[in-house]
Amino acid sequence: MTARIQVPQRARRGDAVEVRIVIQHPMETGFRYDSLGRRTPRNVIHTLVCRYGGVEVFRAEMGAGIAANPFLRFFLRARDSGDVECRWVDSENVSGVASSRLSVAA
Amino acid sequence: MNPPPGVDARTINTPEGALQSILNGAPVRKGRVHLNLPQVAENGHSVGMTVRVDSPMSEADHVRQIDLIADKNPIPRVATFFLGPESGRAEIESRLRLNGSQRVTAIARLSDGSFWFDAADVTVNELACLDGG
């Protein structure tokens, strides 16, 4: 799965830092039929977890009500320099990861 | 989504069932939550949504959870976001898939256990979720 994560490279301790992530994924509803009348099975990224310096700071539980190629923008508070890492998993148990380094100045 | 204990499995996929599974009988007040959606969306495949909660996001006073309910979606409970003091700011943006014109509700659970909500009505000119979506 292709994904793009955007986090500022630098921040000051205490700042609320914006994280943007977009993941290429159909978020199949399970309500669609192909040209042969076969139902396309539901397949969604149901869980996304963001860790910063190894600590969970954000979690999203999602369903087919989130648009295809899910996009999320959220915040985390800058503490120490570390990796901002998002991991996700879909209904077929396919997982992905995207991360970005955040340098924090005091 | 599996219903928590005490919630009827037959109602979990109704807006009322979804609401009950979040609140579990607790009161919910309007305020503190700001849900931003367009009044009119060309189609329901991708509708921009921003939710923001007035909160200092400190150890003592922060948002724990934000739920989104879309009344007319086959599965109304669209998403649940988990936050904490390490979030810094209680603001989330995403894009929703909406099965027609409907009301979307955002419910925030704060660290003191209180629930707050905001709602927005969206007119969708073309459906999503169903065939051809």
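# Close-up views of the A–B complex

**View 1. The interface between chain A and chain B.** In this predicted model, 28 residues of chain B are in contact with 26 residues of chain A (contact: C-beta atoms, placed from the backbone, within 7 Å). On the side of chain B that touches chain A, the elements giving two or more residues are β6 (77–82) and β7 of chain B. Strands here are DSSP runs of E with at least two residues, and helices are runs of H or I with at least four; both are numbered from the N terminus. The residues on that side of chain B divide into 12 nonpolar, 8 polar and 8 charged. Nonpolar covers Ala, Val, Leu, Ile, Met, Phe, Trp, Tyr, Cys and Pro; charged covers Asp, Glu, Lys and Arg; the others, Gly among them, are polar. The predictor gives the complex an ipTM of 0.95 and a pTM of 0.91.

Residues are numbered from 1 along each chain as its sequence is written, chains are lettered from A and ligands numbered from 1 in the order in which they are written. Local features need pLDDT of at least 70, side-chain atom pairs count only at pLDDT 80 or more, and totals for chains, interfaces and linings use all residues.

View 2. Strand β5 (residues 55–62) of chain A runs antiparallel to β6(B), joined by 4 bridges (strands pair if DSSP finds at least two bridges between them). In this region A:Ala60 stands opposite B:Phe81 in β6(B). A further 2 bridges join β6(A) to β7(B), again antiparallel. The bridge partner of A:Leu72 in β7(B) is B:Ser94.

**View 3. A:Leu72 and the pairing inside chain A.** β3(A) and strand β6 (residues 71–77) of chain A pair in the antiparallel sense over 7 bridges. Which residue stands opposite A:Ile21 in β6(A)? That residue is A:Leu72. Chain A has 0 helices and 8 strands. Its C-alpha atoms fill a box of roughly 60 × 20 × 20 Å along the principal axes.

**View 4. The loop at A:Arg13.** A:Arg13 sits in the loop between β2 (10–12) and β3 (16–23) of chain A. A:Arg13 counts as exposed because it has 12 C-beta neighbours inside 10 Å (buried: 20 or more other C-beta atoms within 10 Å; exposed: 12 or fewer; partly exposed: in between). Beyond its neighbours within four places in sequence, A:Arg13 is in contact with A:Ala78, A:Arg79, A:Val104 and A:Ala106. A:Asp34 is 21 residues from A:Arg13 in sequence and 51 Å away in space, C-alpha to C-alpha.

**View 5. The largest nonpolar core.** This core has 65 residues (buried Ala, Val, Leu, Ile, Met, Phe, Trp, Tyr and Cys joined through C-beta atoms within 7 Å). A:Val19, B:Ile66, B:Ala106 and B:Ala108 have the most contacts inside it. Leaving aside neighbours within four places in sequence, the contacts of B:Ala108 include B:Arg32, B:Val53, B:Ile66 and B:Trp116.

**View 6. Two positive phi angles in chain B.** B:Arg32 is not a glycine, yet its phi is positive, about 65 degrees. B:Arg32 lies in the loop between β1 (28–30) and β2 (33–36) of chain B. With 18 C-beta neighbours inside 10 Å, B:Arg32 is partly exposed. B:Met57, also a residue other than glycine, has a positive phi near 50 degrees. B:Met57 belongs to the loop between β4 (47–53) and β5 (63–70) of chain B. Is B:Met57 buried or exposed? B:Met57 is buried, with 21 other C-beta atoms within 10 Å.

Terms used
Contact = placed C-beta atoms within 7 Å.
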